[in-house]
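I opened the notebook to look up the overall build of this chain and then its aromatic pairs.

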Amino acid sequence: MNQDSHGTTQHTLDPSDWQTLRTQGHRMLDDMLDYLEHIRERPVWQPIPQPVRDLFHETLPAQPTDLATVHASFMRDVLPFAVGNAHPGFMGWVHGGGTPVGMLAEMLAAGLNANLGGRDQMPIEVERQVLQWMRDLFGFPDSASGLFVTGTSMANLIGVLVARTAALGTGVRQSGVAASGKRLTAYTSAGAHGCIAQAMDLAGLGMDALRIIPVNDQYQMDSAALEQAITADRSAGFTPFFIAATAGTVDVGAIDDLAVLADIAQREALWFHVDGAYGALAMLAPDIAPRLRGIERADSIAFDFHKWGQVPYDAGFILVRDGTLHYDTFASPAAYLRREACGMAGGSPWPCDFGPDLSRGFRALKTWFTIKVYGAEQLGQVISGTCALAQYMKQRIETMPMLELMAPVALNIVCFRYRSEHADQVNTQLAAALQASGIAAPSTTTLNGHVAIRAAIVNHRTETRDIDALLQATLAFGEAAARTR
């Protein structure tokens, strides 16, 4: 609370001393740049001591605390105990590493504090620019629509909702699914992410309406089984409406045969959606992009810039071929969202016409900065590099008698295990030991009923030395874990 020159109390949250804030702000920025510059010197992850965890059980603070004090608490009690996905040794889940450029852009966006729900403003033009780049990348028409969202879970939900409108008409928004009298069914592979089932739930269609199609030996959706399931559902009185293909499955990084699935969707008049959470951006890599043949025929594509695109969290995206249908699925006639031909209420249609959020952050800025500063070619080289590292890791594993591959290496995910009499238990313990060591952080998954260690190589900072460190630690900890059985 400050007083102006006339002694009037002003309830502002701006500082009374901007220079002091500026000095502290520079210190905070330097600390984060130091963190990224020297991150390799830190452990990937470390367990949170209980006394540190207990610090965050305090009551609501009524009085102010000095910014420098709060910053010191962050540096001491928060930063060292993050999950570590900026670290080159992080390979546990498909998380991008972020960049200093993206971090700085996020700071600019926070300072601007723009709400990108609507109104006539340049931040929305930045988002539209990224949309145009994505139309070009995926071969979509200029009439295609797109939207930044939190992540692919939300993007997949939007895809399901637009497909639902395509199947039942815009009247479904007023009368609901039951009024149509149709029982809609959707199809995805056994390797698909669980958010596809969640999208069916949130869309009011029910998870039981999602048919889980088995995969082949390459972990791709079995197209013959898909066709059989569609035929069986039609015979049983269901209305098939949606196929969710996957470009980069969560377990092994497999890419469904998108061209074949596009053919089936076209022949059966179904909506063809691609969950490309991380794999879709392989279109930026000329040596990987051919594996995505058929993605350009999708009705909608969901993907994340915060994975292979290396944009800081969060920055998901949905691209829809039929922009009019997308608009009709979400646009609201509410009076407080009235559009005008000019003034601040111009610029229609607004982003809020294409999704459920009226309040939207400026996710587009860090994405725009990332693409502009690094360029599509360099981002594509990062993607190719992570796939090359996966092949390097595969070849190293094949030379180590105590290790075995558990699945084909399609992109940048390597699933393997330590050979042992009690392999499932040993490899579960082994993955936890690797994480706790701070050397490397893989995760585990289950393939064909057996536990596998899963290394997802997504971070642009990861090098062959990080792969070597993980494998050497796996051998050492695996031997120790096997002895304790």
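This is a predicted model: local features need pLDDT of at least 70, side-chain atom pairs count only at pLDDT 80 or more; totals for chains, interfaces and linings use all residues.

Residues are numbered from 1 along each chain as its sequence is written, and side-chain values use heavy atoms, with hydrogens and water left out.

I looked up the size: for 485 residues a compact globule would have a radius of gyration near 23 Å, and the 25 Å of the chain agrees with this (taken over C-alpha atoms, with the rule 2.2 Å times the number of residues to the power 0.38). The C-alpha trace spans about 80 × 65 × 45 Å along its principal axes.

I checked burial next, and 49% of the 485 residues count as buried (under 20% relative accessible area, with exposed over 50% and partly exposed in between, 1.4 Å probe, protein chains only).

I then searched for aromatic pairs and found 11 in the whole structure (ring centres of Phe, Tyr and Trp, the last by its six-membered ring, within 6.5 Å; planes under 30 degrees apart are stacked, over 60 edge-to-face, the rest tilted). Phe305 and Phe317 pair edge-to-face, at 5.8 Å centre to centre and 70° between the planes. Phe305 is buried at a relative accessible area of 3%, and Phe317 is buried at 0%. Trp368 and Phe369 also form an edge-to-face pair, with 5.5 Å and 80°, but Trp368 is partly exposed at 26% and Phe369 partly exposed at 23%.

Finally, I recorded that ring pairs link Phe138, Phe148, Phe303, Phe305 and Phe317 into a cluster.
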